[in-house]
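Dear colleague,

Please find below the structure that I am handing over to you.

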Amino acid sequence: MELNKFSKSITQDPTQPASQAMLYGIGLDETQLSQPFIGIASMGYDGNTCNMHLNHLASLIKSEINQSDMVGLIFNTIGISDGITNGTDGMRYSLVSREIIADSIESVVDGHYYDAVIAIPGCDKNMPGSIIAMGRLNRPSIMVYGGTIAPGKYQGKDLNIVSAFEALGEKIAGTISEEDFKGIIKNSCPGAGACGGMYTANTMAIAIEALGMSLPYSSSNP
């Protein structure tokens, strides 16, 4: 089986010396230039619990790929947090981000002749953006979901992102103290992972796993 079906267009063609010079420049050797190139599309960035850990996950995936006689090449695309932008004009960018994600993954993978792609999404529109690109590219692809967040805790009660919305309602109704309001807000999201409920991210992750387009069991793995 020819695993470098696409990348050989730039790595093995003697009329592509500039392509090969740049690949040597990033540290690849002659053996690696004959191996399949796997694009690793991370939607990781610091500003959102859903995505804050994805670049680390991408590094782990790259390490495993490189140990399997393939070349893992990480690139990034964007993400917009529905949780952060909810109730603001920032939500105007949420659905648009799906198309930017799809277009950017397709552009890098097709433009650079990668033989396969692994997409690593976290937040809501990351998932459909990833599989739209995978469908357009029509080459070996899989999605690895970043997983859902663990529950927050406050005064012995489990919390998630919706707890913060509910706390505001209780504050307006006068049924909660300012101290407890702040306590819920500060503890609703205890670390990395997508919003902890059957909201868009987890729902999309389950649907995509059912379609066979993501790593098995990843939609339920915190």
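The domain bounds used in this message come from an automatic or database domain assignment. Please keep in mind that this is a predicted model.

The chain is divided into two parts: domain 1 covers residues 7-149 together with 193-211, and domain 2 covers residues 151-190. Between the C-alpha centres of domain 1 and domain 2 there is a distance of 34 Å.

How do the two domains meet? On the side of domain 1, six residues are in contact with seven residues of domain 2. The area buried between domain 1 and domain 2 is about 510 Å², and carbon and sulfur atoms account for 71% of it. Of the residues on the side of domain 1 that touches domain 2, three are nonpolar and three are polar, while no charged residue is present. Across this interface, zero salt bridges are found between domain 1 and domain 2. Polar contacts, however, do occur: two residue pairs link domain 1 and domain 2 in this way, counted with both residues at pLDDT 80 or more.

I would also draw your attention to one residue, S107. It is located in helix α6, which spans residues 94-111. Along the chain, S107 and A133 are 26 residues apart, and their C-alpha atoms are separated by 9.0 Å.

Yours sincerely

Terms used. Residues are numbered from 1 along each chain as its sequence is written. This is a predicted model: local features need pLDDT of at least 70, side-chain atom pairs count only at pLDDT 80 or more; totals for chains, interfaces and linings use all residues. Side-chain values use heavy atoms; hydrogens and water are left out. Contact means heavy atoms within 4.5 Å. Buried area is the accessible area (1.4 Å probe) that two parts lose on being put together, summed over both. A salt bridge is a side-chain nitrogen of Lys or Arg within 4 Å of a carboxyl oxygen of Asp or Glu. A polar contact is a pair of N or O atoms within 3.5 Å; within protein, one must be able to donate a hydrogen and the other to accept it, and residues adjacent in sequence count only if both atoms are side-chain atoms. Ala, Val, Leu, Ile, Met, Phe, Trp, Tyr, Cys and Pro count as nonpolar, Asp, Glu, Lys and Arg as charged, and the others, Gly among them, as polar. Helices (H or I, at least four residues) and strands (E, at least two) are DSSP runs, numbered from the N terminus.
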